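Please read the points below with the structure open beside you. They are meant for someone who has not seen it before.

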Amino acid sequence: MLKINRSQRHGGFMKHNLLLAALLSSLSVGCYAADAVSGATPNHAAPGSQIKNVDAVTSASIVPQKLRISAKATGFTDSKAKKVLFVVGDPRFDQSLEGFLVNTAANFFLKKGYEVEIRDLYKIRFNPVITPENFYHAKDGFGQTPDDIKPEQALVSKADYIIFCYPNWHDSPNAITKGYMERVFSKKFAYQDTPKGLEGLLKGKGIYTIMNAGWLGGGQGNVGDGIGKLDAVWDKYLGAYKVVDDDTAGFWGAKNLGRFVNDQSPSNLNPQYQQKLQKLASVLDARLERDFFRNK
Ligand SMILES: Cc1cc2nc3c(=O)[nH]c(=O)nc-3n(C[C@H](O)[C@H](O)[C@H](O)COP(=O)(O)O)c2cc1C
């Protein structure tokens, strides 16, 4: 079952990859409007180019402009309000379904009266790479905290919940998000040595993940949230993520509150796109309600 369906992974990413590459090769970078078919933005394709509708040939999600939502992050104050830190690694935050999920979740918490901070890692040009110079800080907590890491650790310290948000690229946090984990959650900040072994230092905090996916067997949410078709496959994947998430959160002394994985993206040209998007938002809201408030 797994083998047969693996070709569907990446939402047909592989299948369309060659076609897309061929079409794009005749264009200069950035000369097409990503959501041209949706009619949400004008098509700026270069004269003579063959591609007028990249959303017809890519499996990357493209939310039409008129359906995109935003969230007005409050930032963190010294008030007693609960604080949620969104760490977002998505180069297409403004137009992707991942971005839509992030903003939906941010609005969910804002409506609850929580404070929200959104770190858009591409926008702040976060450097995710451990180098020879900063290796011993990340690994052993030696030396000064690098200047670019100090504000991130301050936000993590204030947050009650940290939500990592990224599209699924090769089954793991994508590089920029993973690098945030590697550099920000350094030793002596997130964990330390004790005579009894390692101790997590982020006690009382909850860790969560929001991940849009191309193909993981169907489903919206976590283990047990399949859609009744390939639930064994879905549960196997989500079970594997749970093992890793529990371990990472536990290492830092925090609690893994789970994941929302979306593997039910409407295709860009689906005439029911708007309804499906609304359904997706309401399922995410329900899963957040369950994972943050009912499963406590
Ligand atoms: C480099 C790369 C690797 C990918 N690997 C996977 C994968 O391992 N599993 C999967 O389900 N989807 C994979 N995908 C597909 C993306 O997850 C999918 O296109 C994405 O979730 C679409 O969401 P977005 O448009 O919100 O970014 C990959 C995409 C890229 C660009």
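1. Helices here are DSSP runs of H or I with at least four residues and strands are runs of E with at least two, numbered from the N terminus. The model is a predicted one, in which local features need pLDDT of at least 70, side-chain atom pairs count only at pLDDT 80 or more, and totals for chains, interfaces and linings use all residues. Residues are numbered from 1 along each chain as its sequence is written.

2. Helix 4 (residues 97-111) has 15 residues and its end C-alpha atoms are 21 Å apart, which agrees with the 21 Å it should span at 1.5 Å a residue, the expected span being 1.5 Å times one less than the number of residues.

3. Because 12 of its 15 residues are buried, helix 4 is largely enclosed by the rest of the structure; a residue is buried if 20 or more other C-beta atoms, placed from the backbone, lie within 10 Å of its own, exposed if 12 or fewer, and partly exposed in between. Among the buried residues are Phe100, Phe108 and Phe109.

4. Strand 4 (residues 191-194) and strand 5 (residues 197-200) pair in the antiparallel sense over four bridges, where pairing requires at least two DSSP bridges between the strands. A hairpin of two residues joins them, and tyrosine 191 stands opposite glycine 200 in strand 5.

5. Arginine 125, in the loop between strand 2 (115-120) and helix 5 (135-140), has a positive phi near 50° although it is not glycine, and it is exposed, with 9 other C-beta atoms within 10 Å.
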